[in-house]
Amino acid sequence: KTAYEMLRSLVGSEMCIRDRTEAGHTDVVKLDIANSTVGVVDAGLDDRRWAFDGVYNNSFAQKDVYNQSIRPVVDSVLSGYSGTIFAYGQSGTGKSYSMAGDLKNTEQYGIIPNSLLH
């Protein structure tokens, strides 16, 4: 396996950005989905950008995230390799929703139910 296949980093962030801007705060976090980067701009510091293997916002369905980024991990596990999906972040940012989703709505299934249906 290549290093890319062994470790991938993804970021999803939209809810906290939307909540802050609706409250009248300036949005300094910029998601660049096409280039898979997250940046901090206009925060009184030098602009900074971080690269990820995937960047998602709330326009992506659960199934989109699964198919684009999680399915390859599940395929590797089913081929005999070890695999881990790890959700990390502040409380209330959607980790549980990303992992489980809405179990009453198949369109909103998260990573775990989609993996079991793989």
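Analyst: N114 is buried, with a relative accessible area of 4%, where buried means under 20%, exposed means over 50% and partly exposed lies in between, with a 1.4 Å probe and protein chains only. The model is predicted, which is the reason that local features need pLDDT of at least 70 and side-chain atom pairs count only at pLDDT 80 or more, while totals for chains, interfaces and linings use all residues. Residues are numbered from 1 along each chain as its sequence is written, and side-chain values use heavy atoms, with hydrogens and water left out.

N114 sits in helix α5, which covers residues 111-117; helices (H or I, at least four residues) and strands (E, at least two) are DSSP runs numbered from the N terminus. Its side chain is joined to that of K63 by a polar contact of 3.1 Å, a term for a pair of N or O atoms within 3.5 Å, of which, within protein, one must be able to donate a hydrogen and the other to accept it, and for which residues adjacent in sequence count only if both atoms are side-chain atoms. When neighbours within four places in sequence are left aside, N114 is in contact with K63, Y66 and Y109, contact meaning heavy atoms within 4.5 Å.

Of its 118 residues, 23% count as buried, and its accessible surface comes to about 8200 Å², of which 53% belongs to carbon and sulfur atoms; the areas come from the Shrake-Rupley method with a 1.4 Å probe, and for residues only the protein chains shown count as cover. Among contacts with a separation of 6 or more, 39% are between residues 24 or more positions apart.

Turning to the strands, three of them form an open sheet in the order β2-β3-β4, with antiparallel pairing, and β2 and β4 are the edge strands, each pairing on one side only. The twist averages 20° from one strand to the next, taken from axes that are lines fitted to C-alpha atoms (for helices over the stretch in contact), with angles that run from 0 to 180 degrees between N-to-C directions. Two strands pair if DSSP finds at least two bridges between them; here β2 (residues 29-32) is joined to β3 (residues 37-40) by four bridges, and D32 stands opposite T37 in β3. Four bridges also link β3 to β4 (residues 48-51) in the antiparallel sense, with V38 opposite W50 and G39 opposite R49.

β2 and β3 form a hairpin with four residues between them. S36 lies in the loop that separates these strands, and although S36 is not a glycine, it has a positive phi of about 55°. At 15% relative accessibility, S36 counts as buried. Not counting residues up to four places away in sequence, S36 touches W50, A51, F52, D53, G54 and V55.

A search of the whole structure finds two aromatic pairs. The rings of Y56 and F60 have centres 4.9 Å apart and planes at 90°, so this pair is edge-to-face; rings of Phe, Tyr and Trp (its six-membered ring) pair if their centres lie within 6.5 Å, and planes under 30 degrees apart count as stacked, over 60 as edge-to-face and the rest as tilted. Y56 counts as buried at 8% relative accessibility, whereas F60, at 24%, counts as partly exposed. The rings of F86 and Y88 have centres 6.4 Å apart and planes at 15°, so this pair is stacked. F86 is exposed, with a relative accessible area of 68%, and Y88 is exposed at 75%.
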